[in-house]
Amino acid sequence: MTKKLIFFDIDGTLVDHEKKIPPSTRLAVKQLQEAGHELVIATGRGPFMLKPVSEELNIESYVSFNGSYAVYKGEVVYSHPLDPGRLAELAEITLKNKHPLVYMTPEGMRSSTHQTAYEEDANEALRMRLPPMDPEYYMGKEIYQCLLYCKEEDESCYKENFSELGFIRWHMFGSDILPPGGSKAKGIQALIERAGVRSEEVYAFGDGINDLEMLQYVCHSVAMGNASDEVKQAARYVTKDVTDDGIMYGLRMLGLLKE
């Protein structure tokens, strides 16, 4: 079989609702690698957050921060940070509104202000520890993504004042903030070009709103059974729930793995 390039989201795709990798997914990944296919993680997480999954599955290439930072076999192939000037303006407004803003670099993240109930509740859903506070962390660094913690109705003022930025809500109290034009598709495009793989040999699995552009961009897109109807409609195929061996089932459905 011709070598394929296969992108996998993490949360709700490679890992289940308990943030664990199903045994069937672990087996499927191993079989794909033994067959000579190249696997890539495509996630909203930063590089420092995806290490446990990438190391367990032995996947070294990734598209992180919802496409803003892509690495192929240790080489940075796409880098699209937030504009420092606009970020400073955003920091000032969020501090005034007492809405925590988490600044994210490839190495780590820091929160702009003391944690609130919003931040604690949203991070609990991600099973992610609250980051240390450092309101000046963004200064002099390339920030590829921010996490904004506020109610959805309070987000409108930020969308109006920073209309060029991307806002992806993943929790009732939490949203990702992306650079202009940011999406997983951007990082994926750069990685595909670097890998030298034809578009017909590219596949992607995802389940979230931040996977829409990715699923619409690749030739063979698969939505997980636990995805929303909007995500399923954007994909070419739909597999089973992540907890029902969805990855293995989808790969067999596509003919990439045998029964």
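**Exercise 1. Describe how strand β4 pairs with strand β5 and what lies between them.**

Step 1: Strands β4 (residues 69–72) and β5 (residues 75–79) run antiparallel and are joined by four bridges. Strands here are DSSP runs of E with at least two residues, helices are runs of H or I with at least four, and both are numbered from the N terminus. Two strands pair if DSSP finds at least two bridges between them.

Step 2: Look across the pair, and Val71 stands opposite Val76 in β5.

Step 3: Two residues separate β4 from β5 in this hairpin, and Lys73 in the turn has a positive phi of about 50°.

A word on the model before we go on: it is predicted, so local features need pLDDT of at least 70 and side-chain atom pairs count only at pLDDT 80 or more, while totals for chains, interfaces and linings use all residues. Residues are numbered from 1 along each chain as its sequence is written, and side-chain values use heavy atoms, with hydrogens and water left out.

**Exercise 2. Work out which strands stand at the edges of the five-stranded sheet.**

Step 1: This open sheet has the order β7-β6-β8-β10-β9, and its pairing is antiparallel.

Step 2: β7 (109–111) and β9 (166–171) each have a single partner strand, so one side of each is left without a neighbour in the sheet.

Step 3: On average, neighbouring strands of this sheet are turned by 20° against each other, direction ignored.

Step 4: Inside the sheet order, β6 (residues 101–104) and β8 (residues 145–149) pair antiparallel over four bridges, and Met104 stands opposite Gln145 in β8. Helix α3 (residues 84–96) lies across β6, β8 and β10 (174–178), running at about 150° to β6.

**Exercise 3. Characterise the packing of α1 against α9.**

Step 1: The axes of α1 (residues 23–34) and α9 (residues 246–253) are 7 Å apart, at an angle of about 40°. That makes α1 oblique to α9, since angles under 35 degrees count as roughly parallel, over 145 as roughly antiparallel, 65 to 115 as roughly perpendicular and the rest as oblique.

Step 2: Ser24, Thr25, Leu27, Ala28, Gln31 and Leu32 in α1 meet Ile247, Met248 and Leu251 in α9.

Step 3: Sorted by type, the contact residues are six nonpolar, three polar and no charged. Ala, Val, Leu, Ile, Met, Phe, Trp, Tyr, Cys and Pro count as nonpolar, Asp, Glu, Lys and Arg as charged, and the others, Gly among them, as polar.

Notes:
Axes fitted to C-alpha atoms, helices over the stretch in contact; angles between N-to-C directions. Contact = heavy atoms within 4.5 Å.
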